[in-house]
Amino acid sequence: MRGTTTIIDGGQVRIHNYAAPDDGLSVNTQLIETPSRIIAVDAQFVLAYADEVVTYAKGLGKPIDRLIISHAHPDHYHGAARFGVPTHALRETIAEIVAAGDKTDLPTGTPIPLADVTPTMEITPGPEIIDGIPFEFEKVTGGEIHTTLVVKLPEQGVLLAADVAYNNTHLWLQDRDFDGWQANIDRFAAETRYETIIPGHGAPAGPGIWAELTDYINAGRELLGDDGDAYKTAITSRFPDYQGASLIDIANAFMFGSKAQSRTE
């Protein structure tokens with residue numbers, strides 16, 4: 001297995017967090033193991049890493065009940081094509097995935113048909129009991145993307161924050177929504193019952209992650225101008241130990257056009 005797995009033991013619930021290598025954008029998938037089933041959250045970017053997640057899940061000896069997609073960035077839903085289970089998402093996320101159309105697995109060139117990744121079950125925000133376990137589904141707007149689903153396990157004190165949170169990983173700042181991201185950071189930092197935060201990228205962390213994210217948001221606000229090269233140099237100098245520099249390159253390609261794109265090809 002090229003990815004790495006961290007297990008969080010919450011009694012009746014165990015959460016297996018699979019982290020892709022850097023060439024998979026260091027993106028996370030969570031396998032929430034309840035007494036009799038598995039609820040998967042996010043599906044990986046690279047199909048080979050989605051296959052690793054599915055193989056790992058099968059080794060747990062319980063069926064995958066569903067796959068939940070937190071938001072409509074491809075690194076979180078490409079691998080849905082490999083799970084073969086009902087896929088759930090917010091209405092806005094379903095619409096955005098459909099609008100994006102067919103995709104391609106970048107390492108192999110394998111087509112990813114839209115029909116294979118489109119969620120078919122709409123999530124309504126609010127509480128839900130799954131296999132006897134209380135879940136809370138919360139819709140978040142702004143920040144990395146305009147609509148994100150956050151999954152809470154209140155009895156375990158675990159917050160699956162999706163891309164509201166990154167840990168020791170460079171942020172995707174294409175939307176430049178610093179105020180929106182900070183508002184979400186403040187919102188969840190105030191929910192002190194959640195002592196374990198599982199980010200969309202990077203290792204699970206404690207509540208200190210919110211202060212670290214604030215530092216990065218402030219740095220991004222200060223440094224992100226109109227030159228992608230200058231920004232990458234400045235932000236990687238400010239945070240030299242952070243992984244995910246490839247995320248900066250890809251975001252720069254969208255923000256600054258053909259010059260940045262040529263550097264990532």
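**Close-up views of a predicted model**

**View 1. Surroundings of Phe83.** Outside the four places on either side in sequence, Phe83 touches Ala40, Asp42, Ala43, Ala50, Val53, Val54, Ile64 and Leu67 (contact: heavy atoms within 4.5 Å). This is a predicted model, in which local features need pLDDT of at least 70 and side-chain atom pairs pLDDT 80 or more, while totals for chains, interfaces and linings use all residues. Residues are numbered from 1 along each chain as its sequence is written, and side-chain values use heavy atoms, without hydrogens and water.

**View 2. Nonpolar cores.** Phe83, Leu173 and Trp210 have the most contacts inside the largest nonpolar core, which has 61 residues (a core: buried Ala, Val, Leu, Ile, Met, Phe, Trp, Tyr and Cys residues joined through side-chain atoms within 4.5 Å). Apart from it lies another core of 19 residues, including Val13, Ile39, Ile68 and Leu153.

**View 3. The pair Trp172 and Phe254.** The ring centres of Trp172 and Phe254 are 6.0 Å apart and the planes are at 65°, so the pair is edge-to-face (rings of Phe, Tyr and Trp, its six-membered ring, pair with centres within 6.5 Å; planes under 30 degrees apart are stacked, over 60 edge-to-face, the rest tilted). Trp172 is buried, at 11% relative accessible area, whereas Phe254 is exposed, at 55% (buried: under 20%; exposed: over 50%; partly exposed in between; 1.4 Å probe, protein chains only).

**View 4. Surroundings of Thr169.** Thr169 is buried, with a relative accessible area of 1%. A polar atom of the Thr169 side chain lies 2.8 Å from the backbone oxygen of Asn167. Beyond four places in sequence, Thr169 is in contact with His201, Gly202, Tyr242, Gln243, Gly244 and Leu247.

Definitions and conventions:
Polar contact = N/O pair within 3.5 Å; in protein donor to acceptor, adjacent residues only side chain to side chain.
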